[in-house]
Amino acid sequence: MIGYTCKYTPVELLKAFGAEAKLLNTEAGNFDYAQSVTHMNMCSHMKAFLENVHNSGIKELIMVNCCDSVRRAYDVLKDEMDFIFIMDLPHNDNSCARDHLRDELLRLADEYGRYSGETFDYELFAKAFVPEQSIPREKYIALLGARVGDGLYQTVQDMVPLPVADLTCSSNRAVHMPPADEGFLQFMDAYAANLLGQIPCMRMADVAGRRELTEDPYLAGIIYHTVKFCDYYGFEYESLRRKTTVPMVKIETDFTMQSLGQLSTRVGGLVESMGIREEKAMTGNGKYFVGIDSGSTTTNVAVLDEAGNLVDSAIVRTGAKASKGAEKAFQALRVAKDDIAVIIATGYGRNNIDFADDSVTEITCHARGAFHLDSRVRTIIDIGGQDSKAISLDDTGKVKNFAMNDKCAAGTGRFLENMAKVLEMDLDGISKVGASWNEDITISSMCTVFAESEVVSLIADNRQIPDIVHGLNKSVASKTMALVNRVGGESRYMMTGGGARNEGVVGCIEDLIGEKVIVPEIPDLCGAIGAALFASDAACRKE
């Protein structure tokens, strides 16, 4: 068994020598081994690759020198393998590049032949070519960008009601059998040309051929994947974000299966914005409609009547389990259970609320709730306990675009909660004290841990608490505005979520926007109200 990880790997050549080639593309459970042999900030895919090699017992590897991380992994593994070969891949597809790759193929054939004792078998070579991946000839979602692991691909397939085509860098491999020629040298020359003639990855100098991936008339949406600590595909995403006309969402992973909550929200938000969400049948017969917003900090419940009026609500701490928080919030309602027609869940824990009839992402629910509260709203800024979002709406209240913070607490309610503890204050106190600042302090660290150290240093330097809090408020506002700018925020703006209760943060965002923002009377309930409106829609469909 010989492992590989790049689509430019000459798999057919290896099979011509009787080798069984395996794509090592599985997520890692942890990075214990990888981080013991290399550094923390190495490309997450390469760390997963090291884990896969270490745990699989594979002793033969073919690597392609795509980047410094691959070369570092090669240095780590070269003394542990029975056979390891790193192939120098040109950045271009011209005659000089093809000559160079042909020479690399000949070098590989020579070294693997001497190692294995086998000779090149033309019939095995011919049989090694497989039909290229067929792209659906119906509406489909494309997975683009950096490679995705097997687990992530299956997860996305389960979330999306359309066919999903994996067109990421390791999956859209298309190498054709070269024609028989006068000799082995000419044969390898044609094979090198076919390897380089694939749709280019972002490592290549000329990536114009990648337009083929986004200009298919059947393409209905894009899920764009990037890998933590890898920049190659971040550049393409930014370009596509400005140019593509199909719905697109970006997801980033560290090549583990962690943070599925954020991933499901992003993918679910895309599906809902495209209007392809699969809806469940409803059974209730009451006159009220309930939305439950299960957040990481609080669980919020809104009850609407048939006219869309808020008739009851509850806000409780979520606690250790989303389901327990939802039950506690539901029990706090005055409305009788028999009078409830439909319950829709949203938020971080929406999929763990068993008594809900269906779930909708917080992206869509905040949009629906905000537009219901004020139809002038075109941009929503939601600062929750775990994440922050910016959502842009069209004139009908539909989601045009949205952006969420990545796996980091900076710019969220959790960030402010941690800073309040350092300052020995509660959230209510920290939300007001920053208004009386005098010195304009800047908190430069975006990371919660580093910002905490910075605040401790400011306290030790005898800086005034209102000035420190104002610096924290500016930090949150700056982080939030980066999301607003990504979605092309337009007037008017509404702030929702628990963060909207922080007067200092609201004021700093208003300073950056240059206008007053709308803050609902109970900003925490916006997502729950949106979910309750979807519950009302579901009841109407049932009838």
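Predicted model: local features only at pLDDT ≥ 70, side-chain atom pairs only at ≥ 80, totals over all residues.

Trainee: How many helices and strands does the protein chain have?
Mentor: Helices (H or I, at least four residues) and strands (E, at least two) are DSSP runs, numbered from the N terminus. The C-alpha atoms fill a box of roughly 85 × 65 × 40 Å along the principal axes. Inside that chain the tally is 19 helices and 17 strands.

Trainee: What percentage of the 543 residues is buried?
Mentor: Buried means under 20% relative accessible area, exposed over 50%, and partly exposed in between, with a 1.4 Å probe and protein chains only. The accessible surface (Shrake-Rupley method, 1.4 Å probe; for residues, only the protein chains shown count as cover) comes to about 23800 Å², and 47% of that belongs to carbon and sulfur atoms. As for buried residues, their share of the 543 is 55%.

Trainee: How far apart are the centres of the positive and negative side chains?
Mentor: Lys and Arg count as positive, Asp and Glu as negative, and His and the chain ends are not counted. Each charge is placed at NZ of Lys, CZ of Arg, CG of Asp or CD of Glu. There are 55 positive and 77 negative side chains, and the centres of the two sets are separated by 3 Å.

Trainee: Why is H3 largely enclosed by the rest of the structure?
Mentor: H3 covers residues 44–56 and spans 18 Å from first C-alpha to last, close to the 18 Å expected, where the expectation is 1.5 Å times one less than the number of residues. Its buried residues include His-45, Lys-47, Glu-51 and Asn-52, along with Phe-49 and Val-53. Cover for the buried residues of H3 comes from, among others, helix H2, strand E3, helix H4 and strand E7. H3 is largely enclosed because the number of its 13 residues that are buried is 10.

Trainee: Which residue follows H3, and what is its phi?
Mentor: Most residues other than glycine have a negative phi. The residue after H3 is a glycine with a positive phi, namely Gly-57, near 80°.

Trainee: Which residues have the most contacts inside the largest nonpolar core?
Mentor: A nonpolar core is a set of buried Ala, Val, Leu, Ile, Met, Phe, Trp, Tyr and Cys residues joined through side-chain atoms within 4.5 Å. The largest one has 78 residues. Apart from it lies another core, of 33 residues, with Leu-423 and Ile-509 among them. Back in the largest core, the residues with the most contacts are Leu-61, Leu-77, Leu-105 and Tyr-191.

Trainee: Is Phe-289 buried or exposed?
Mentor: Phe-289 sits in strand E9. Not counting residues up to four places away in sequence, Phe-289 touches Ala-302, Leu-304, Ala-532 and Ala-539, among others. With a relative accessible area of 6%, Phe-289 is buried.

Trainee: What about Ile-529: which residues is it in contact with?
Mentor: Ile-529 is part of helix H19 and is buried, at 6% relative accessible area. Setting aside neighbours within four places in sequence, its contacts are Ala-302, Leu-304, Gly-369, His-372 and Leu-373.

Trainee: Is Phe-255 buried or exposed?
Mentor: Phe-255 lies in the loop between strand E8 and helix H11. Its phi is positive, about 60°, although Phe-255 is not a glycine. At 2% relative accessibility, Phe-255 is buried.

Trainee: And Glu-424, buried or exposed?
Mentor: Glu-424 is in the loop between helix H14 and helix H15, with a positive phi near 55°. At 75% relative accessibility, Glu-424 counts as exposed.

Trainee: Which two residues does a cis peptide bond join?
Mentor: Most peptide bonds are trans. Here omega is about 0° at a bond whose second residue belongs to the loop between helix H17 and strand E17. The pair is Ser-491 and Arg-492.

How values were computed. Residues numbered from 1 in each chain as written. Heavy atoms only, no water. Contact = heavy atoms within 4.5 Å.
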